[in-house]
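The following exercises concern the structure shown below.

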Amino acid sequence: MSFHIAAISAIDYVALPLPETHRMPNVYQLIYLSRLTEAASPACVAEIVRMARQRNLASHINSLLVFDGWRFCQTLEGEYAAVCDLADRIRMDERHTGFRVLYRAESTAVNLFGRSSLDYALSYDDGLSCLEAARGPEALALLSGLLPGLDREPVRPDQ
């Protein structure tokens with residue numbers, strides 16, 4: 001239980017429980033895999049990252065986007081409605097094709113993969129191939145195993 005200190009008089013203080021609205025709710029986690037469309041250039045990924053950081057921050061979503069030159073694997077973590085809305089927008093984005101949800105669950109784990117509104121990582125090998133047929137907890141475990149081999153940008157000091 002969380003507490004805050006409330007002044008009762010000039011010298012007496014008591015710890016009171018925080019209102020229910022201050023408790024951390026479970027987060028909804030979603031992992032998807034998609035491909036860059038043939039009409040889109042890999043250079044568009046920089047714009048995707050820039051815009052996603054702003055939108056995710058406003059929606060309180062943490063994310064990790066892994067790109068290997070033609071495939072995207074992204075984790076989305078946040079409030080259920082916000083994550084589902086974002087996944088729907090990505091699914092309809094003309095730069096993506098073959099959008100497939102690999103994993104979705106409610107969890108008490110916060111920032112399982114993403115350390116910010118959008119972390120970006122490159123995969124230089126064919127590592128994302130192992131996710132092609134994976135679903136559910138298997139996809140979660142495989143992505144976790146790929147993390148050490150990714151070229152992940154350092155945490156920015158403003159986070």
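**Exercise 1.** State the accessible surface of the chain and the share of carbon and sulfur atoms in that surface.

*Solution.* The accessible surface comes to about 9,100 Å², as given by the Shrake-Rupley method with a 1.4 Å probe, where for residues only the protein chains shown count as cover. Carbon and sulfur atoms account for 58% of this surface. Buried residues (under 20% relative accessible area, with exposed over 50% and partly exposed in between; 1.4 Å probe, protein chains only) form 42% of the 159 residues.

The model is predicted: local features need pLDDT of at least 70, side-chain atom pairs count only at pLDDT 80 or more, and totals for chains, interfaces and linings use all residues. Residues are numbered from 1 along each chain as its sequence is written, and side-chain values use heavy atoms, with hydrogens and water left out.

**Exercise 2.** Determine the order of the strands in the open sheet and identify the edge strands.

*Solution.* Step 1: the chain has three helices and eight strands, taken as DSSP runs (helices H or I, at least four residues; strands E, at least two) numbered from the N terminus. Step 2: six strands form an open sheet in the order E6-E3-E5-E4-E7-E8, with mixed pairing; two strands pair if DSSP finds at least two bridges between them. Step 3: the edge strands, E6 (96–107) and E8 (151–152), each pair on one side only. Step 4: E7 (residues 119–122) runs antiparallel to E8 and is joined to E8 by two bridges. Alanine 121 stands opposite arginine 152 in E8.

**Exercise 3.** Describe how helices H2 and H3 lie relative to the strands.

*Solution.* Step 1: H2 (residues 80–92) lies across E3 (27–36), E5 (71–78) and E6, at about 160 degrees to E5. Angles run from 0 to 180 degrees between N-to-C directions, and axes are lines fitted to C-alpha atoms, for helices over the stretch in contact. Step 2: H3 (residues 137–146) packs on the sheet and touches E3, E5 and E6, where contact means heavy atoms within 4.5 Å. The direction of H3 makes about 100 degrees with that of E6.

**Exercise 4.** Classify the aromatic pair of tyrosine 28 and tyrosine 80.

*Solution.* Step 1: rings of Phe, Tyr and Trp (its six-membered ring) pair if their centres lie within 6.5 Å; planes under 30 degrees apart count as stacked, over 60 as edge-to-face and the rest as tilted. Step 2: the two ring centres are 4.7 Å apart and the planes stand at 70 degrees, so the pair is edge-to-face. Step 3: tyrosine 28 lies in E3 and tyrosine 80 in H2, so the pair ties together parts 52 residues apart in sequence.
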